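Take a moment with the sequence and the fold before reading on. The text below walks through them step by step.

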Amino acid sequence: MKVLYGLAIALIVLAAAAVAYAVSPRALDAVDRPDPQSFDRATVAHGERLALIGNCAECHTAERGGAYAGGRPIPTPLGTIYSTNITPDPETGIGTWSHEAFRRAMHEGLDREGRHLYPAFPYHHFTKVMPEDVDALYAYLMSREPVRNQPLENELRFPFNLRPLLAGWKLLYLDNERFAGLPDADEKVNRGAYLVQGLGHCGGCHTPRNALQAEKADEFLRGEVTENWYAPAIAGDVPAAVKWNEAQLADYLAGRWVEEHGVALGAMAPVAHNLSRVPDEDVAAISAYIALLMEGDEAETDAEITGAVGEPRDGEDIGALIYAGACAICHEASPSPFAAGLPLAHSTSIRIPTPLNSVRIIEDGVKPPEGRPGRHMPGFAGALTDDQMVALATYLRGRFTGLEPWTDVDDVVARRMRFGSRAGEQTAEAE
């Protein structure tokens with residue numbers, strides 16, 4: 001009975017998708033690339049600011065590729081999607097797109113030819129962006145250097161490779177409404193909510209998704225695996241050992257070291273790097289909104305923060321031995337502030353539901369952005385066996401959190417060779 005019911009629902013969705021696709025807008029006329037000098041300088045500068053907040057270059061730039069020229073592989077549970085070229089190249093980019101075509105892509109998820117775009121391009125967030133901000137972003141992109149680059153075709157499993165089905169997805173999940181403001185919130189918090197929910201599309205990483213990869217609205221920012229990192233909850237039950245405040249959030253978002261929380265790593269590192277280049281008031285607004293979402297968080301820690309492990313004894317857990325020999329010198333009593341690691345009782349990576357982040361940090365280490373000062377931790381790739389990696393991650397979880405042990409450390413460690421999302425790298429299966 002359940003199978004028949006599911007089949008009936010699927011048929012209804014397919015029929016709705018077919019109808020929606022049949023009546024969806026068709027191609028918009030191509031235009032000549034606008035003269036970059038025709039755009040007001042202030043508008044272009046505002047567009048650059050918005051592009052940094054939206055982290056546009058990170059997704060639309062492949063490793064060793066031209067800025068905004070697309071081709072970056074984005075792993076999803078449904079297959080790999082390659083980002084598009086959004087430089088003003090007329091043949092492989094958006095050089096022939098009008099203002100109208102660009103607005104339609106941002107708000108309706110349709111390209112100039114009228115094809116449905118996959119929501120890996122987060123238009124379901126960009127629907128909240130005001131038209132004047134969309135136009136500023138258009139002006140900025142049309143002022144970039146054209147780069148000729150045709151990204152690879154997407155590698156999606158059947159039936160997800162059928163674009164018409166996206167019409168049904170939109171009927172179910174796309175809310176094409178601009179940001180209306182939060183009731184009873186001040187201007188600063190409303191600005192932060194606008195950026196977080198819209199261009200910043202924070203929910204794209206931090207919100208759990210359903211089987212059709214739509215974000216679960218009732219679990220907004222409650223944590224999710226994305227690009228082989230776990231983006232922790234930043235609303236509701238936040239897995240921080242010490243409660244965040246606005247000032248700490250602002251420092252963290254701008255890529256600065258926060259004594260009780262560390263520094264942005266993994267997929268969050270480029271976000272923080274970009275936010276370090278925007279006006280302080282934007283970062284402050286985002287921080288104010290996130291802090292409001294965290295108001296119910298009562299996080300605190302009474303876990304051990306300092307103190308040597310002591311001399312290992314025969315038969316002592318191998319994880320403790322590795323920690324004493326390789327980790328304690330920096331995480332407990334480093335002589336250099338640039339080598340001093342976060343006290344591990346404060347580490348979010350060992351408090352989240354998966355060992356994914358801990359294993360990645362142990363494997364790859366911590367490096368500041370190229371050419372910038374910052375904390376450094378060597379990676380232990382090749383120095384530890386799989387069993388040692390499992391033992392160390394398990395020990396850190398047990399000693400510094402008191403939480404239930406992870407049950408999948410072995411699986412995560414076994415898959416670590418598939419970590420990564422850049423071209424030429426293999427990717428881990430979504431969890």
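What follows goes from the whole chain to one helix, then to ring pairs, backbone details and a pocket.

This is a predicted model, so local features need pLDDT of at least 70, side-chain atom pairs count only at pLDDT 80 or more, and totals for chains, interfaces and linings use all residues. Residues are numbered from 1 along each chain as its sequence is written, and side-chain values use heavy atoms, with hydrogens and water left out.

Start with the whole chain. The protein chain holds 16 helices and five strands. Helices (H or I, at least four residues) and strands (E, at least two) are DSSP runs, numbered from the N terminus. Of the 431 residues, 48% are buried. Buried means under 20% relative accessible area, exposed means over 50%, and partly exposed is in between (1.4 Å probe, protein chains only). The chain exposes about 21,300 Å², and carbon and sulfur atoms supply 55% of that area. Accessible areas come from the Shrake-Rupley method with a 1.4 Å probe; for residues, only the protein chains shown count as cover. Now take contacts, meaning heavy atoms within 4.5 Å. Among contacts between residues at least 6 apart in sequence, 65% join residues at least 24 apart.

Next, turn to helix H4 (99–108). Its buried residues are Ala101, Phe102, Arg104, Ala105, Met106 and His107. Helix H5 (123–126) and H6 are included in what covers them. Histidine 99 also lies in H4. Histidine 99 counts as partly exposed because its relative accessibility is 32%. Which residues does histidine 99 contact, leaving aside its neighbours within four places in sequence? They are Phe39, Asp135 and Tyr138. Valine 31 is 68 residues away from histidine 99 in sequence, yet their C-alpha atoms are 9.7 Å apart. After H4 comes glycine 109, with a positive phi near 70°.

Aromatic rings come next. A pair of aromatic rings is described by the distance of the centres and the angle of the planes. Here, rings of Phe, Tyr and Trp (its six-membered ring) pair if their centres lie within 6.5 Å; planes under 30 degrees apart count as stacked, over 60 as edge-to-face and the rest as tilted. How many aromatic pairs does a search of the whole structure find? It finds 10. One of them joins tyrosine 68 and tyrosine 140 edge-to-face, at 6.0 Å centre to centre and 80° between the planes. Tyrosine 68 sits in the loop between H3 and strand S1 (73–76), and tyrosine 140 in helix H6, so the pair ties together parts that are 72 residues apart in sequence. Both tyrosine 68 and tyrosine 140 are buried.

Phenylalanine 121 and phenylalanine 126 form another pair. Their ring centres are 5.4 Å apart and their planes meet at 70°, so this pair is edge-to-face too. Are the two phenylalanines buried or partly exposed? Phenylalanine 121 is partly exposed, because its relative accessible area is 23%. Phenylalanine 126 is buried, because its value is 5%. Elsewhere, ring pairs link Phe39, Phe102 and Tyr138 into a cluster.

Now look at the backbone. Tyrosine 68 has a phi near 70°, a positive value in a residue other than glycine. Tyrosine 68 is buried because its relative accessible area is 8%. Glutamine 213 also has a positive phi, near 65°, and is not a glycine. Its place is the loop between helix H9 (203–206) and strand S4 (224–226). At 18% relative accessibility, glutamine 213 counts as buried. A cis peptide bond joins phenylalanine 158 and proline 159, with omega about 5°. Proline 159 is found in the loop between strand S3 (155–156) and helix H7 (165–173).

Last comes a pocket. On a 1 Å grid over the protein atoms alone, a pocket is an open set of points with protein on both sides within 12 Å along at least five of seven lines, and lining residues have an atom within 4 Å of a point. The second largest pocket has a volume of about 1,000 Å³. Of its 44 lining residues, the closest to the centre are Tyr82, Ser83, Thr84, Asn85 and Leu117. H4 returns here: it gives the most to this lining, with three residues.

Definitions and conventions:
On a 1 Å grid over the protein atoms alone, a cavity is a set of points where a 1.4 Å probe fits but cannot get out, and a pocket is an open set with protein on both sides within 12 Å along at least five of seven lines; lining residues have an atom within 4 Å of a point. Grid points are joined across faces, edges and corners, and a volume is the space filled by probe spheres set on the points.
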